[in-house]
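Thanks for coming. Please have a look at the structure on the screen, and I will talk you through some parts of it.

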Amino acid sequence: MNIIEKVYDIVVVGAGHAGCEAALASARLGLKTVIFTVSVDSIALMPCNPNIGGSSKGHLVRELDALGGEMGKCIDKTFIQSKMLNASKGPAVHSLRAQADKQEYSKEMRKTLENTPNLTICQKEITKLIIEDNICKGVETVSGSKYFAKAVILATGTYLNARCIYGEVAEYTGPNGLKSANHLTSSLLEYGIDLNRFKTGTPARVDGRTIDYSVMQEQYGDDPVVPFSFETDPDSIQKEQVKCYLAYTGEKTHEIIRENIDRSPLFSGAIKGTGPRYCPSIEDKVVKFPEKDRHQIFVEPEGLYTNEMYLSGLSSSLPEDVQYAMIRSIEGFENAEIVRNGYAIEYDCIDARQLKDSLEFRAIEGLFAAGQFNGSSGYEEAAVQGLMAGINASMKVMGKEPVVIGRDQGYIGVLIDDLVTKESHEPYRMMTSRSEYRLLLRQDNADIRLSKIGYEVGLISEERYQRLLEKEKQIDEEIERLKNIHIGANSKVQEFLVRNGSTPLQTSANLAEIIRRPELNYDLTKELDEDRKELRKEVRDQVNINIKYEGYIKRQESQVKQFKKLENKKIPVDIDYNNVNSLRIEAVQKLSKVRPSSIGQASRISGVSPADITVLLVYLETYKEKKNV
Amino acid sequence: MKRTDTIAAIATALGESGIGIIRISGEDAVSIADKIYSGKKRLIEADSHTINYGHIFFDEEIIDEVLVMIMKAPRTFTGEDTVEINCHGGILILEKVLHAVLESGARMALPGEFTKRAFLNGKMDLSQAEAVIDIIEAKNELALKAGIRQLNGAVTENIKTIRAQILEQIAFIEAALDDPEHYSLDGYSDKLKKIVKKLYTRIEYLKKSFKDGSIIKEGINTVIIGKPNAGKSSILNLLSRTDRAIVTDIAGTTRDTLTENIKLSGISLNITDTAGIRQTDDVVESIGVQKAIEASNNADLNLVVIDGLLPIDKEDIELLESVKDKNAIILLNKSDKELKLSIEDIKKYSDKDVIIFSAKENIGVDELEDMIKAKFISKEINFNDQVIITNIRHQEIINEVSESLEMCLSSIEEGYEEDFFTIDLLNAYEALGEIIGETVDDDVVNEIFSKFCMGK
C-alpha cells in the first residue's frame, strides 16, 4: 500500500469561513500550513444567506479586520449592495451589512489562499485524529495518508454526519448537496469528546425571472458605502449596487402551512437536532406567532452571475409541494419556479465547554476547534473563531502565550467566553445585547480596540499600526483642544445656537459641552471654532462620539474596571474542585465541567452562586500559600 | 452604577446596648466619613489611628454626637482604610448614620464581607480559612432567609410585575436593534417615556414604604403551638393585651392563624397563634392545623403550650419532638390551678427551657420576657439585626432603581438614541432582582425570542 506521510506545522480541517481564517493566520505567521476540504470548489462557501455583517455580526467582521483577518477585505471586493443598519440609532449599534456575490466571494477567498506563502490546499476527507498521550500529533485521511503537525484545528462546520431534510426526504449530505464527513465523529468519540447534535435551515432559491418585482418594495444600498476593512480605501469601492425587494407572506400562505404542518419533519419528530430560535423556519413562526397575519420576506440576489434569488425569512423544511404552494401564494411569486428548495440540516458539533479560552481542547493538547463545529452559527461568528484558533495554534507552535480577547475588549471576547462557559442548547448567534459594554465595543472603534493585539501577534503591518497610533493621537489631541476652547455668550454664538434649534447660553461654556447637546455635533460647530484643523472623517467621527457620549462611556469604563478585578484573579489549571470544602455540589460539578480560567469567568457560569465564588476566593488564597511552601 | 468598592455596615449587635459602631472599609472610607462629619479638624486631615470627637450630620440635620476612629491601611482589621463611627446606641440612630454613609458613596457590605476582605488582604491566618467560610456562609444564609421572608408577598409580586414590564421594554428595544428591518422604534421614545414614568411612580411609592418600614414584617417570628384548648389564644391575648383571638372553652376555636406584632421589653415579636395541633376530621380545622405546622417550621421561636391540668399524652410528645431542632420555650400553662404536670415530667421529653405559666393570672410573663431577651442578646435569635440590615440594603437598592429610571427618563428627554435606554433599564432590572433574589442571566435574550418573531 502506498501511503503518503507528510509533516506540517499546522493542519486545518475544513475550508469554510473558520478554516480559511485559521489557515491564513497561521501561514501568514510563517508556519507551514495545510488546509483540508471535501471540495476545493467550495472554499468559503455561503450555503445560506448571501450577506456578510448585520447587527453585531458587522462588529465581528470589523474586529476580525483589526486583528488581521481576511473576511472584511474579501467582502469589500465582492459586495453588490451595502448598508449601515441602525444608522439613526446610537453609534454602538450601527452595523454594516453587505450583500455578497457568493461565487465572487468564494473565488476571491480561494485566490487569497492560493497566493499565500506556506499554505497548501488539499481536497481530502479527514477521517481520524492521530492522538498519543493526549497530545494531537496530526490527522489521517480517508485514504490512510497521514499528515503530522504540531497543532490541528478542526473547523468542520455543518458537515459532520450531516443530514439534509425536507418533508419525508432525508439525504446524508452536507449543505448544498456536498459530501458530508461521516467518519471523523467516531474518532472524536473515541477520544472522549462530547458531541451535540444541532440543526439549522435555509430557505428556497427562486428563479428571478419568474418573480414579479413590480408589486414589491425596492431596497437600496447606501450612498456612499462604508468599507468593512480599515485598510480599504472608501473611494475605491463606490459602485453601482443591486436592489433587493421586500415581499410579504399572507393569510393564504399561513393557511397552507397550517394545513400541512403535520408533514413537517420538525413537528413529526423526524428532526431531532436543536434549532436556533433566532432564525426560525416559516412554519415555526406561523405556529408560534399565530396573531401575526403576515411575515416579511426579503428577496435578495445570490450574485451577479445568476438569476437565483434568496428568500430571506422563508426558511423551511416542509415537503417540496408545500414549499411550492406556499411560495406561489405570496404576492409577486404566483408563477415562481424553485431552483433549490429549502431544507433543514442536522450535524454533529461539540459542547464547547471542553475548550479553553484559546479554543484548544483542555483534554487534548494541540487540538483546536472553531466555527459551527463549536456550536455557533453564522459566517462571521465562524470566521472570528477561525482567526483566534489560527492565532492560538500558531502561538502554541511558536511557544508563546495564547491570545485571549476579553469581554471588555471585543464581541469576539463575548462570543468565545459565552461558548466556552455557558451551556448551549441551540446554535449560538452573536447579538449586541449579549455584550455588557457595548458602548465601548463599537464597530467604529474596532481598530483602536484591537489593532495593537493584531500588531503584536504579527498580522498587522508596522505601517498600518503606525497609522493607527497617529489616528489615536489626533483624536485625543482634538478632544483635549475642544475642552479648552471657551465659548462666551456673545451674539454670534447665541445666533448660531438659535439657528440650530438649541437654547442660548446662560454662562460661558467650553466647546465640548456645546457639541454634547443633542441637536449639535462636532462638524456643525466648526463655525464657532476658528482654529479647527482639517481632520479625516474617521477622526472627526471618533471625536464626536467620544464627546457626545462621554457620560455613558465613563460609566461603562468604570464598570470594566470592576469587571477586570475578577477577571485578573486567575484560577490554577490543576485545581480539584472536589477538594474545595463548602462548595455546593452543583457548583463543584459546573466548575469541574467548565474549568474557568478566572474567578470572573467562574461567576458567569449558571449554577455558581456568589457564595460559591467567595468560597473559591478564600480557597485560592490558601492554595497559593501551599504552592509557595 | 454609582456603587463603589467601599463598604459599610453596623458592626455591633443591635439591641439595647449603649453604644453602636458603624464600620466603613475601603479606599474611600475616610473621605466618605468626612462628608458627613463636622469636628475640630476634618477627618481627611486626621492622623491614622486617632479618635476624633464631633458630630454626624446629614441633610443639614445633626444626627448624633460621635467618636470617629480613623485607621489607615494596612494596620486595620480588613487591611484597608477603615473608619469606625461610635454612635450612641439605639437602632434608629445607627440606621440614620448608616443611611448617611451609604448616601455619601459607600455601599452596604455583603454578609461577612469585612471578614472576607480581612482574609483576602492577608490579615488572617490561612488556617482560619474554613472558619472564615463558615462565618460568611452562616451570615449569608441568615441574610437570605431574612431577605426573602421579611418581604410580604404583595411587595414581591409588585417587584416582579415591575421587573416584567422593564424586561418587556428592554426586549422590544433589543429586538428592534437586532432586527431593524422587522421592528421599528419610530415613535417609541414617547411611549417608553410614559411607561417609565409610571414605573418610576411605583418605585417611588415602594421607596416610601421601604423607608417607613411598612413593608417589613419586622421582628422575631414567633409561633404559639399546642394542643387544642391548651390556652394558646389566651397567651397571645395576654402578651398583646388585646382580645383579638377568639377565646372560648370549646377546643378548636382558632381555625386559622392570627399574627400580632408586640413589643416585649423593646424586642419586637411577630406572634402567630395557631390552630391546635391534633388529628382532625373537620376540614376547616385541618387546614388550620396544616398552617400551624407550616408556621412552626418557618418560625424563629416556638412557644409550646402544654396544658398543665392534663397528663402528658401522645400529642404533647409529638409536639415536643417537633421542636427538637428549633428555638423553643415551653410554657406549662394553667398554673393558676393545681398542676398535674411538673417541669421534670416535661424534661423527660425535651431539653428546652420550661416556664410555669398562667395566662389567666399573669404568671410567668416576666420570666418569658427575660428568657426571650437572653436569647436575643446571646444571639441565639439574631433575626432582628438582620431585618434592619436587610431593610437598609433594600432601601439602597430601591434608590439605585429610582436613579436608573430617572437617568433613563432624562436620556429620553435629551433625545438620546434608543439603545442608551436599555443600559439604565437593565440596571434597574438587575437591582430589583437583587431584592427578590433573582439574577439576570439570559433573561433578555430569552424574552426577545419568546415575544418577538426574529430572524431570516
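I will go through confidence, then the contact between the chains, then a helix pair and a sheet.

To begin with, this is a predicted model. For the complex, the predictor gives an ipTM of 0.92 and a pTM of 0.82. Chain B has an average pLDDT of 80, and 78% of its residues score at least 70. Which elements of chain B have the lowest and the highest mean pLDDT? The lowest is helix α8 of chain B, residues 283-298, with 64. The highest is helix α1 of chain B, residues 29-35, with 96. Please also note residues 242-255 of chain B, where pLDDT stays under 50. For that stretch the model has 34 contacts beyond four places in sequence.

Now the two chains together. On the chain B side, 34 residues are in contact with 37 residues of chain A. The elements of chain B that give two or more residues to this side are α3 (113-120), α4 (129-150), α5 (153-178), α13 (418-436) and α14 (443-451). Of these, α4(B) provides the largest share, seven residues. By type, the residues on the chain B side are 17 nonpolar, 13 charged and four polar.

Next, a pair of helices in chain A. Two packed helices are described by the angle between their axes and the distance between the axes. Here the pair is α13(A), residues 462-483, and α16(A), residues 537-548. Their axes come within 9 Å and cross at roughly 45°. The crossing of α13(A) and α16(A) is right-handed. Among the residues that meet are A:Ile475, A:Ile479 and A:Leu482 from α13(A), and A:Val539, A:Val543 and A:Ile547 from α16(A). The residues of this contact divide into six nonpolar, three polar and three charged.

Last, a sheet in chain A. It is an open sheet of four strands, in the order β1-β10-β9-β8, and the pairing is mixed.

How values were computed
Residues numbered from 1 in each chain as written. Chains lettered and ligands numbered in written order. Predicted model: local features only at pLDDT ≥ 70, side-chain atom pairs only at ≥ 80, totals over all residues. Contact = placed C-beta atoms within 7 Å. Nonpolar A, V, L, I, M, F, W, Y, C, P; charged D, E, K, R; others polar. Axes fitted to C-alpha atoms, helices over the stretch in contact; angles between N-to-C directions. Left-handed = near helix turned anticlockwise from the far one by under 90°. Pairing = 2+ DSSP bridges. pLDDT = per-residue confidence, 0-100.
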